[in-house]
Amino acid sequence: MPSSRYAYQPSREFHVVVLGAGGVGKSCLTAQFVHNEWIESYDPTIEDSYRTQVSVDGRQVMLEILDTAGTEQFVAMRDLYMKTGQGFLLVFSITSRASLQELVTLRDEIIRIKDDENIPIVIVGNKADLVDQRQVDRAKAFSISQRWQAPYYEASARTRTNVDEVFVDLCRQMLRRDDAQEHSQDSYYDKGEDPSSSRRRRKRKQKQGPRCAIL
Ligand SMILES: Nc1nc2c(ncn2[C@@H]2O[C@H](COP(=O)(O)OP(=O)(O)OP(=O)(O)O)[C@@H](O)[C@H]2O)c(=O)[nH]1
Ligand SMILES: [Mg+2]
């Protein structure tokens, strides 16, 4: 749960980017996570950022969350924030098949820009409260998540279902990755190796890490 009341210094700071088509609920999920508030009205985002502290498995983590624009006119900014992002929430709405389709392009772009297939990602099927309007089967979203080796959560910003969980899962992935990199850097120095020359090996190692799917 986010909190700015913790007395101790966070051990890590991560950049999280929230991506997805227009109107899927990126801002609402972020507002629920950071401020515990529900926003009924729709005000398309240009770009907003938030800093919040979160406790994950007893570790304090500072998150810089970038809530991005889903609408096409602002896509030029994507390259820049994809470069800075260390973890990505890919959000679609379970009421829109097209919004799931849009994630395919976004993920391709992230992987191209980061040049890394194992970048921390969580797939979020938002608006799960709108059961009567469902257009995307769980099975369909789940099969994509398996293909991408990224966890899938159904969430609702309205009912605050799985809101903390998606951010915390992403934090765990980023922490795990950070720990693994630190650990492998230590061993390169121990062996007198140049850490930058061993990036590829590190990527292979992370691929084997555990991934889960929660429906
Ligand atoms: N029923 C329901 N409505 C939601 C949910 N999340 C968001 N909405 C509504 O969907 C509309 C769009 O939500 P936003 O969070 O602004 O969408 P966005 O993805 O940030 O849109 P852009 O900023 O244009 O990219 C708003 O009217 C919200 O109230 C949800 O979980 N359930
Ligand atoms: Mg928005």
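A residue is buried if 20 or more other C-beta atoms lie within 10 Å of its own. By that cut-off, 36% of the 215 residues of the chain count as buried, and helix H1 (residues 26-35) is mostly covered, with seven of its ten residues buried. The model described here is predicted. The chain holds six helices and six strands.

**Overall layout**

- Read from the N terminus, the elements follow the order β-α-β-β-α-β-α-β-α-β-α-α.
- Among contacts in the chain with a separation of 6 or more, 75% are between residues 24 or more positions apart.

**The sheet**

- The six strands make up an open sheet, ordered S2-S3-S1-S4-S5-S6, and the pairing in this sheet is mixed.
- Strand S2 (47-56) and strand S6 (152-154) are the edge strands, each of which pairs on one side only.
- From one strand to the next, the twist averages 25°.
- Strands of a sheet pair through backbone hydrogen bonds, and this pairing is either parallel or antiparallel.
- Strand S1 (residues 12-20) runs parallel to strand S3 (residues 59-68), and seven bridges join the two.
- In this pair, Arg12 stands opposite Val61 in S3.
- S1 also pairs with S4 in the parallel sense, over five bridges.
- Here Leu19 stands opposite Leu90 in S4.

**Helices against the sheet**

- Helix H1 lies across S1, S2, S3, strand S4 (87-93) and strand S5 (121-126).
- The direction of H1 is at about 155° to that of S3.
- Helix H3 (residues 97-114) lies across S1, S4 and S5, and runs at about 160° to S4.

**A closer look at helix H1**

- The buried residues of H1 are Lys26, Ser27, Cys28, Leu29, Thr30, Gln32 and Phe33.
- An α-helix has 3.6 residues a turn, so residues three or four places apart point the same way.
- Just after H1, Asn36 takes a positive phi of about 55°.

**The nonpolar core**

- The largest nonpolar core has 47 residues, and within this core Leu89, Leu90 and Val124 touch the most other members.
- Helix H5 (residues 163-191) supplies the largest share of this core, seven residues.
- Which residues does Leu89 touch, not counting residues up to four places away in sequence? They are Val16, Val18, Leu19, Val122, Val124, Val166 and Leu170.

**Around ligand 1**

- Ligand 1 is surrounded by 24 residues, and the closest are Gly25, Ser27, Pro44, Thr45 and Gly70.
- One of these closest residues, Ser27, is also among the buried residues of H1.
- Which helix gives the most to the shell around ligand 1? H1 does, with three residues.
- By residue type, the shell around ligand 1 divides into eleven polar, eight nonpolar and five charged residues.

Technical notes:
Residues numbered from 1 in each chain as written. Chains lettered and ligands numbered in written order. Predicted model: local features only at pLDDT ≥ 70, side-chain atom pairs only at ≥ 80, totals over all residues. Core = buried A, V, L, I, M, F, W, Y, C linked by C-beta atoms within 7 Å. Buried ≥ 20, exposed ≤ 12 C-beta atoms within 10 Å, placed from the backbone. Helix = DSSP H or I, 4+ residues; strand = E, 2+ residues; numbered from the N terminus. Contact = placed C-beta atoms within 7 Å. Near = placed C-beta within 6 Å. Nonpolar A, V, L, I, M, F, W, Y, C, P; charged D, E, K, R; others polar. Pairing = 2+ DSSP bridges. Axes fitted to C-alpha atoms, helices over the stretch in contact; angles between N-to-C directions.
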